[in-house]
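Good morning, and thank you for coming. Please look at the structure with me, and we shall begin with a pair of annotated residues.

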Amino acid sequence: MEIPFTKMHGLGNNYIYLDLFRFEIKEEMLPRLARAVSDVHTGIGSDGLILIQPSEVADVGMRIFNKDGSEGNTCGNGLRCVAKYVSENNIVSFRKFWIETKANVVEAAVELDENDDIKEITINMGEPRLKREQIPMLGGPASKIIAEPFAVDGQQLQVTAISMGNPHAVFFVDSIEDAPLHELGPVIEKDARFPEGVNVEFVEILSDREMNFRVWERGSGVTEACGTGACAAVVAAILNGFMKKGERICVHLSGGDLFIHWDKQGQVWMTGGAEVIATGVFYLS
Ligand SMILES: N[C@@H](CCC[C@H](N)C(=O)O)C(=O)O
């Protein structure tokens, strides 16, 4: 089977995008296809698969599958890439439009430069979900999970857990270079306290407006960047008193910088770039 694709990335967080405005694909093929395209040896190589599709409630719909074939609810870097794709392929004709994900419907705003090329994209990611059942996380009171003691692998950590439509466990560290990303990332991702699994973030606070960030993503492992993770990290930093609501925070990820703003009305805004890497045809056997 021949499947046309576009490969795009947001700060190195790269996915294979399928334009389902142009063709259809059977639902039951999707997890296998996600694993196949993601494989760096026998596929194209990516952090997963993203579908750009018609929506009944928004201008465009998006679905995300991780590298292991599991489906996520949303993807911050993916939303910016979808916004770029639909703008450049005349699927939408406005600079502000709506994108439906499994988590929520978000507004995208595309900013152009003097040559009418896309300069940056801002997504209103909506409100963070902070209650234990919304993460979801087991084993404690229904309240917010802020610096809660978290024993794992013989270590005593403190977790701040947030859902940005998908679950995030944020841990503050003194130095990002010493963050136990590869050791604890895979263990915490599958910890039984997170019944749906969790994305794991380590964060070093640099100032009240700047942080270093590394991520182990649920279903994909270490990636260069995670948009929802950066939003969760900023919300976590504010809940822990390291930063203030209403400020524009610069998050340094392995793949570059994102700007995140949790406004006083409760909405989380994410601003950053999106790039096309390649287009082609994938042969699925
Ligand atoms: N890279 C993403 C998040 C992708 C989904 C995630 N791994 C999950 O399963 O929740 C982002 O940029 O937000």
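Leaving aside residues up to four places away in sequence, C226 touches N13, G76, N77, N199, V215 and E217; two residues touch if their C-beta atoms, placed from the backbone, lie within 7 Å. The model is predicted: local features need pLDDT of at least 70, side-chain atom pairs count only at pLDDT 80 or more, and totals for chains, interfaces and linings use all residues. Residues are numbered from 1 along each chain as its sequence is written.

C226 sits in the loop between β14 and α4. Helices (H or I, at least four residues) and strands (E, at least two) are DSSP runs, numbered from the N terminus. Why does C226 count as buried? C226 has 34 C-beta neighbours inside 10 Å, and a residue is buried if 20 or more other C-beta atoms lie within 10 Å of its own, exposed if 12 or fewer, and partly exposed in between.

The UniProt annotation "active site", from an unreviewed entry, covers C75 and C226; such annotations may be inferred rather than shown by experiment. These residues are spread over 152 residues of sequence, yet they cluster in space, with a largest C-alpha distance of 7.6 Å.

C75 lies in the loop between β5 (71-72) and α2. C75 is buried as well, with 29 other C-beta atoms within 10 Å. Its contacts, again without residues up to four places away in sequence, are I50, I64, G227 and T228.

Finally, helix α3 (residues 181-189) has the buried residues L184, G185, I188 and E189.
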